[in-house]
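This report walks through selected helix contacts, loop residues and backbone features. The sequence and structure come next.

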Amino acid sequence: SLWQFTNYGNEEDAYTAVMTAYESHSSNTYVLSRFPGHPVYEYLLRWLYPVNRIGYSLLSIIATYVSFLLVIRIAKRHMGETKAHWVGITFLLTPIVGIMAWQTMEYMLTLAFLLAAWNSAEQKNWMIAAVFTALATGCRLPSLMYGLPLFILLWQNSSLSKALFFGGLSFILSCVLYFPVYREYGWDFFTTYDLPYPPIAKVVYKATLGTYGIFQLIAIVWAKAGLKWNTFLINVFKQNSLPVAVAFLMSLGSYIFLPEKSAFLIPFATLGWFILFQYSNQRFSKAIVVMSVLGAFTLGTDLSDDLRGIPSDQASFTIPAGNQDIAVMLFKGPAHASIIKAENKINTTKKIVRKLDELNQPALVITGWWYPFIQVEELRLKNFTHIVPDPSEPRRADVEYVYYANEIDIQRAISEGKSIFFTPESEIYNEQRYGHNLVAKYGTPLEILTE
């Protein structure tokens, strides 16, 4: 149903973006959704807030379609028209692209700007390339690193002076776009808390099944057998292949450095398809497309979790992966699985809100990643017309919910006679964030599964 495309997604960050867009729109000031800021995307959400229920998803869908067209346009310059369309179709059917194509996240808009910058650089238009590079950076700060391969591309295709002008203009425009962030937060907008490096099994899962799904992974392994290795090895070290090689390695390196989300690999996957199709023969290229089509509608995978993943009763079967299980859905693709996951999270959020309403004692509730979901749910309950209660103040008599809590927050709540409650796993991540175990020591789990 259409409503599935108006629930903003299954990511905590998506709901944080919605909530900060509401706050920014209501206060007419810039509000950062998460460090280090995404000012271009955050301003777009602020302006689209009056039509957020449709507009936010539509923004990602349009960005995905534009990316699809640009992929084909760029590919046509390097391979035949038929293969270029195959690249476009395969890109569009890449599971992580389908998953992010409808969510209130900046990944697809960032990619559209990066592809527009690359297209402009290939056309020797350094000024337009600089503008699009800055816009991509304004959506995601790490995008500025792609200025290096674009600089090399312009140097090769045009001249060193134009490449230098491109680099200077990209940097200046990026600084201008980040000025609202600096004005509100100073240099603190670079501040964040250290995330522990994820388990290797999770890093590998996100880079494989989480990005490509089962069928595309098989297709990639199979296509390597059909790679024209002689042509590939000769050309990969040629000067005109350097920009692609640098961008490819940088995108992979950035994920290895911070492997938090499969979506971080969207530029890497896009570049990978360019390379694979350019140097694979026709038979294997066709096989990639066929496998991609099959993978779009079958064997969807995601975390098996009755609260925040694929409910166990909807999984065809599960596969153990470390301390978690991966759900496999035989006749639903990855994008469909992500929608089911989003619906499950919304249902869990409603249960948490009801539990908060039922608390009949003074309480501090640590909600962790459910915090923005709860905020948006409360906003929804008020029909998006009234101001949501300030989460730093009690929602009702002596009941307060927070994201995470430091030692002082916990000790103050205890001194005020409040009971400590926490949603599942939030006590673990609270300890990772603040380095204390007071939530687990003094808190009680909020029983959601009994709902």
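## Helix packing: H12 and H16

Axes here are lines fitted to C-alpha atoms, for helices over the stretch in contact, and angles run from 0 to 180 degrees between N-to-C directions. The model is predicted. In it, the axes of H12 and H16 lie 8 Å apart and pack at an angle of about 175 degrees. Angles over 145 degrees count as roughly antiparallel, and H12 is therefore roughly antiparallel to H16. On the H12 side, the contact is made by Phe-215, Gln-216, Ile-218, Ala-219, Trp-222, Ala-223 and Ala-225. H16 brings Phe-284, Ala-287, Ile-288, Met-291, Ser-292, Leu-294 and Gly-295. By class, the contact of H12 with H16 holds 11 nonpolar residues, three polar ones and no charged ones.

Lys-224 also belongs to H12, which spans residues 209-225. Lys-224 has 47% relative accessibility, so it counts as partly exposed. In sequence, Lys-224 and Phe-284 are 60 residues apart. In space, their C-alpha atoms are 8.6 Å apart.

## Helix packing: H3 and H4

Helix H3 covers residues 52-76 and helix H4 covers residues 81-92. Their axes come within 8 Å and cross at roughly 150 degrees. H3 is therefore roughly antiparallel to H4. The crossing of the two helices is right-handed.

From H3, the residues in contact are Thr-64, Ser-67, Phe-68, Val-71, Ile-72, Ala-75 and Lys-76. They meet Glu-81, Ala-84, His-85, Val-87, Gly-88, Ile-89, Phe-91 and Leu-92 of H4. By class, this contact has nine nonpolar, four polar and two charged residues.

## Thr-90, a buried residue of H4

Is Thr-90 buried or exposed? Its relative accessibility is 0%, so Thr-90 counts as buried. The residue lies in helix H4. Setting aside neighbours within four places in sequence, Thr-90 is in contact with Gln-216, Trp-273, Phe-277, Ile-288, Val-289 and Ser-292. Among these partners, Gln-216 is also listed on the H12 side of the H12 and H16 contact. Ile-288 and Ser-292 are listed on the H16 side.

Ala-134 sits in helix H7, residues 126-139. It counts as buried because its relative accessibility is 2%. Beyond neighbours within four places in sequence, Ala-134 is in contact with Ser-170, Leu-173, Ser-174 and Leu-177. Ile-310 is another matter: Ala-134 and Ile-310 are 176 residues apart in sequence and 38 Å apart in space, C-alpha to C-alpha.

Leu-177 is placed in helix H9, residues 160-177. At 26% relative accessibility, Leu-177 counts as partly exposed. Leaving out neighbours within four places in sequence, Leu-177 is in contact with Pro-39, Val-40, Ala-134, Leu-135 and Gly-138. One of these is Gly-138, 39 residues away from Leu-177 in sequence and 6.0 Å away in space, C-alpha to C-alpha.

## The loop between H1 and H2

Most residues other than glycine have a negative phi, and most peptide bonds are trans. The loop between H1 and H2 holds Asn-28. Asn-28 is not a glycine, yet it has a positive phi of about 60 degrees. Its relative accessibility is 60%, so Asn-28 counts as exposed.

Pro-36 lies in the loop between helix H1 (12-27) and helix H2 (39-48). Which kind of peptide bond joins Phe-35 and Pro-36? The bond is cis, with omega about 5 degrees.

## Other positive phi values

Leu-299 is found in the loop between helix H16 (282-297) and strand S1 (300-303). Leu-299 has a positive phi of about 55 degrees, although it is not a glycine. With 17% relative accessibility, Leu-299 counts as buried.

## The N-terminal end of H19

What caps the N-terminal end of helix H19? Asn-406 does, and the helix spans residues 407-415. A side-chain oxygen of Asn-406 lies 3.1 Å from the backbone nitrogen of Ile-408.

Notes
Residues are numbered from 1 along each chain as its sequence is written. This is a predicted model: local features need pLDDT of at least 70, side-chain atom pairs count only at pLDDT 80 or more; totals for chains, interfaces and linings use all residues. Side-chain values use heavy atoms; hydrogens and water are left out. A polar contact is a pair of N or O atoms within 3.5 Å; within protein, one must be able to donate a hydrogen and the other to accept it, and residues adjacent in sequence count only if both atoms are side-chain atoms. Helices (H or I, at least four residues) and strands (E, at least two) are DSSP runs, numbered from the N terminus. Angles under 35 degrees count as roughly parallel, over 145 as roughly antiparallel, 65 to 115 as roughly perpendicular and the rest as oblique. A crossing is left-handed if the near helix is turned anticlockwise from the far one by less than a right angle, and right-handed if clockwise. Contact means heavy atoms within 4.5 Å. Ala, Val, Leu, Ile, Met, Phe, Trp, Tyr, Cys and Pro count as nonpolar, Asp, Glu, Lys and Arg as charged, and the others, Gly among them, as polar. Buried means under 20% relative accessible area, exposed over 50%, partly exposed in between (1.4 Å probe, protein chains only).
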